[in-house]
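Student: I would like to learn how to read ring pairs, charges over rings and helix contacts in a model. Can we go through them one at a time?

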Amino acid sequence: MMSNQQRNAMISSKQTTRGVALASAPSYDHLKHAPFTNATATEIVRRISEGEWTASQVLEAYIARAAQAQHQTNCLTEVLFEDARLQASQLDEEFATTKKVRGRLHGVPMSFKDQFEIAGYDATIGFTHWANKPSTDDAFLVSLCRAEGAIIIAKTNVPQTMFAFECSNPLWGRTLNPWNAKYTCGGSTGGEAALLALDGSALGVGSDIGGSLRIPASYCGIYSLKPSTGRVSSHGAKGCRPGFEAIRVSYGPMARSPEDCDLFSRIAFGQLDPSRRVAPVPYRPAELPKKLKFGYYFSDSITRSSPATVRAVQETIDALRKAGHECVEFSTALPASAMEVFVGLVTSDGYKRMLSNLEGDPQEDSLFLSTLGAKVPGFVRKIMCFVAQTFIGDRMFPRFFSQARTKSVLEFCEYTNRRNEVEEAWYKEVWDTYQFDGIIAPVQALPVIPHGACAYLSGIASTTVLFNVIDSPVGIVPVTRVDPSLDQLSPNFKPGETGGSTMFEKWMYQNGPRTVYNPQEMAGIPVGVQIVGRKWDDEKVLAMMHVVDEALGPRGFGPGSWETGNNGGI
């Protein structure tokens, strides 16, 4: 185990190395660089293929923006600018000779979540003792994208253990929201979302076990897809809980347009890696009916959504109805059952394996509530649940907190079976009953949280956790931005009144000066929605993302949106 002096020296060394690599970036020149950074990945490939642009021209523009994004948000970990320049030069020489692009990502500057191995670079995921241990091979997705002509320019920051929806760790520090530095960019694929929101990358790749692609995408105002598990390779993506598969991780794209999410999916779906764990099902184009049937809801049964979140769902539904689609509101109690199962499974070893990776690193506050239940003695856990229910009147919080304990193998199997039962119940109660094509759901009850709030509000990830438990493909589309004139909380609001968690809702909406939901402070923060499909209907979800995006129309998202200012033009 490192001493504090050794740890501090390691942190200083890694950050100094990053700083040296960043110093090679040119200053961002709007007239010179904006035509490239305002283009989607799809357009970049087209322009290069038509001989209008070169890979090197595009790359320098994105390097300039990536350096600015790093300065503004601290989103980068490993910086690959020099390797990227060499690759761009090789691509340009190849195109000059053949007049053909290498593949579907020719010249596209890409970034990857820090967990993905890239030969010659660390994959620390924020653990100081994992530093200075460079990978010897590329992750399968890195190799796949490079073979298609992509240029990897950087790796991006994650929260400690990748089990929080903030983004901070002792090695690389805290990543900020690109629209308001007082708030988090989300997690665990938070650095990736911040970088893309500021046009520092044209296409990114991340992972999701409880909302890690979707929450930061919504907080930062970009697009994302959480595929069904098994559609995209995980080979070469490091984690801190190897062998835990009761809730499997999904790997997918982050982008600035639905088209770019689709582009990545066409390349990655069904590609067999050395582990042979990917379903050998390549991309299958989806044909949608002219009139789609969407289900929707504004809040799950655990916490009531903020006015900004409700408005995002309502605006989406209004736009879809105007476009001729059918939208039906529904409700179900299954999200709470799914959250019980999730907590029961992820705490099954008391987080021993996950937290063992800290090896002396101070534990981030964002993990406080998530790991608390599994740490305290059983009688203390029971007392806490009793107090919450009896004296605070919260019947929801004890349902989850009571599950947070070490399990026997028998109990673990029972919880795994309960997971399967929840999934089957969802299909019976929702998909089979209503015959929806897709579901429009809130991403989270709050549009964003301030730094540190994940320490006591980790339970509001229930809105995304649901679709990990039942393993549904989910797309994220940005809808609107927080507007103080539209998104004020009703003066009649009472925490827990509708059966949700009294404690969470009090912390969120009525906690005096520490109240989290503040539309004045949050003004301009993006708010997205989840677009949910049945398992294996990933291509249909991608197609529905196009439908929703087109129905909503122009609204200040996509490449170049950072130029509207920190308030999003409000």
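**Reading aromatic pairs and contacts**

Tutor: Start with a cluster: ring pairs join Tyr-297, Phe-330, Trp-426, Tyr-434, Phe-436 and Phe-467. Keep in mind that this is a predicted model.

Student: How many aromatic pairs does the structure hold?

Tutor: There are 22 aromatic pairs in the structure. One of them is formed by Phe-36 and Trp-53, with 4.8 Å centre to centre and 75 degrees between the planes, which is edge-to-face.

Student: What describes a pair of aromatic rings?

Tutor: The distance of the centres and the angle of the planes describe it.

Student: Where in the chain do Phe-36 and Trp-53 lie?

Tutor: Phe-36 is in helix α2 (residues 30-37), and Trp-53 is in the loop between α3 (41-49) and α4 (55-73). The two are 17 residues apart, and the pair links distant parts of the chain.

Student: Are Phe-36 and Trp-53 buried or exposed?

Tutor: Both Phe-36 and Trp-53 are buried.

Student: Which rings have a charged end sitting over them?

Tutor: The ring of Trp-130 has the charged end of Lys-238 over it, 4.3 Å from the ring centre. The ring of Tyr-415 has that of Lys-407, 5.2 Å from the ring centre.

Student: Now helices. At what angle do the axes of α2 and α4 cross?

Tutor: The axes cross at roughly 105 degrees and come within 8 Å. The range for roughly perpendicular is 65 to 115 degrees, and α2 and α4 are therefore roughly perpendicular to each other. On the α2 side, His-33, Phe-36 and Thr-37 make the contact; the residues from α4 include Val-58, Tyr-62 and Arg-65. By class, this contact has five nonpolar, three polar and two charged residues.

Student: Which residues does Gly-360 touch, leaving out those up to four places away in sequence?

Tutor: Gly-360 touches Met-1 and Arg-7. Gly-360 itself is in the loop between α12 (352-356) and α13 (368-375), and its 39% relative accessibility makes it partly exposed.

Technical notes
Residues numbered from 1 in each chain as written. Predicted model: local features only at pLDDT ≥ 70, side-chain atom pairs only at ≥ 80, totals over all residues. Heavy atoms only, no water. Phe/Tyr/Trp six-rings, centres within 6.5 Å; stacked < 30°, edge-to-face > 60°. Helix = DSSP H or I, 4+ residues; strand = E, 2+ residues; numbered from the N terminus. Buried < 20%, exposed > 50% of the residue type's maximum accessible area, 1.4 Å probe, protein only. Lys NZ or Arg CZ within 6 Å of the ring centre and 35° of its normal. Contact = heavy atoms within 4.5 Å. Axes fitted to C-alpha atoms, helices over the stretch in contact; angles between N-to-C directions. Parallel < 35°, antiparallel > 145°, perpendicular 65-115°, else oblique. Nonpolar A, V, L, I, M, F, W, Y, C, P; charged D, E, K, R; others polar.
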